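Please keep the sequence and the structure in view while reading.

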Amino acid sequence: MSRHPAPEELLLDYAAGALPEGPALVVALHVALDPAARRLVETLSGLGGVLLEDEPAAGVDPSELDQVLAQIDQVAVEPPPMSKPAPAGFEWAPPALRRHLGAAPRWKRKFGGFEEIRISLHGDSHRVSLLRLQSGKGLPVHHHVANEYTVVMQGGYTDNTGNYGVGDFAVGPGGQDHEPIADPGEPCIALLVEERPIVLTGVWGRLLNPLIRWGWM
């Protein structure tokens with residue numbers, strides 16, 4: 001069980017299919033890595049199905065319904081697609097993430113010494129980034145002005161809100177400054193989904209904020 005589970009209201013929105021693609025992806029990874037979150041989502045999904053079954057049908061002509069069902073019976077049912085194999089070096093990636101990675105994804109070194117792979121989601125304005133921090137390295141000191149969601153997939157990190165390991169889910173601490181530092185051992189790999197750009201608060205960071213807002217960093 002995760003020490004830092006996703007908020008239940010977020011899991012409920014995920015089960016109902018009400019999340020934008022970026023937040024839905026980060027929650028899907030949390031669900032894949034945390035058995036307790038997976039059981040809760042399955043329970044919520046089942047409850048939603050029961051509620052739908054209890055709803056009375058309104059204004060449905062039985063003869064029209066029979067025709068629709070007959071047409072459905074004639075449609076060939078294809079088996080579900082097999083999970084996409086993980087690219088070399090990304091064996092840790094859950095299937096929900098693999099479909100967003102190319103055949104040979106490459107890490108790009110960014111300001112601050114961490115590495116990033118940007119993930120493009122069509123029709124979603126969230127910034128979605130796969131980050132890798134080597135042991136003892138961290139992100140620049142910053143705070144948030146909107147929602148940020150993080151799920152750890154390898155290693156772990158520590159900041160002033162706690163210690164986060166594989167499967168843990170973090171909600172950005174809002175206006176509180178924080179500086180995530182990778183724990184000792186293997187690199188920390190996490191997926192971050194940001195509603196709006198972060199605000200750097202270090203001495204040099206303030207000079208770089210315009211570049212972040214313009215999407216150059």
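Among the contacts (heavy atoms within 4.5 Å) between residues at least 6 apart in sequence, 64% join residues at least 24 apart. This is a predicted model, in which local features need pLDDT of at least 70 and side-chain atom pairs count only at pLDDT 80 or more, while totals for chains, interfaces and linings use all residues. Residues are numbered from 1 along each chain as its sequence is written, and side-chain values use heavy atoms, with hydrogens and water left out.

The protein has 6 helices and 11 strands; these are DSSP runs numbered from the N terminus, with helices (H or I) of at least four residues and strands (E) of at least two. Of its 217 residues, 38% count as buried, where buried means under 20% relative accessible area, exposed over 50% and partly exposed in between (1.4 Å probe, protein chains only). The protein exposes about 12800 Å², of which carbon and sulfur atoms supply 57%; accessible areas come from the Shrake-Rupley method with a 1.4 Å probe, and for residues only the protein chains shown count as cover.

One part of the strand architecture is an open sheet of 3 strands, in the order S7-S6-S9, with antiparallel pairing. Its edge strands are S7 (162-164) and S9 (181-182), each of which pairs on one side only. Two strands pair if DSSP finds at least two bridges between them; strand S6 (residues 157-159) and S7 are joined in the antiparallel sense over 3 bridges. Within this region, Asp159 stands opposite Gly162 in S7.

The aromatic rings come next. Rings of Phe, Tyr and Trp (its six-membered ring) pair if their centres lie within 6.5 Å; planes under 30 degrees apart count as stacked, over 60 as edge-to-face and the rest as tilted. By this rule there are 4 aromatic pairs. One of them, Tyr149 with Phe169, is tilted, at 5.9 Å centre to centre and 35° between the planes. This pair links distant parts of the chain, since Tyr149 lies in strand S5 (residues 148-154) and Phe169 in strand S8 (residues 169-171), 20 residues apart. Tyr149 counts as buried because its relative accessibility is 12%, and Phe169 is likewise buried, with a relative accessible area of 3%.

Why is the pair of Tyr157 and Tyr164 stacked? The ring centres of Tyr157 and Tyr164 are 5.0 Å apart and their planes are at 15°, so the pair is stacked. Both Tyr157 and Tyr164 are buried. Elsewhere, Phe90, Trp92 and Trp107 form one aromatic cluster.
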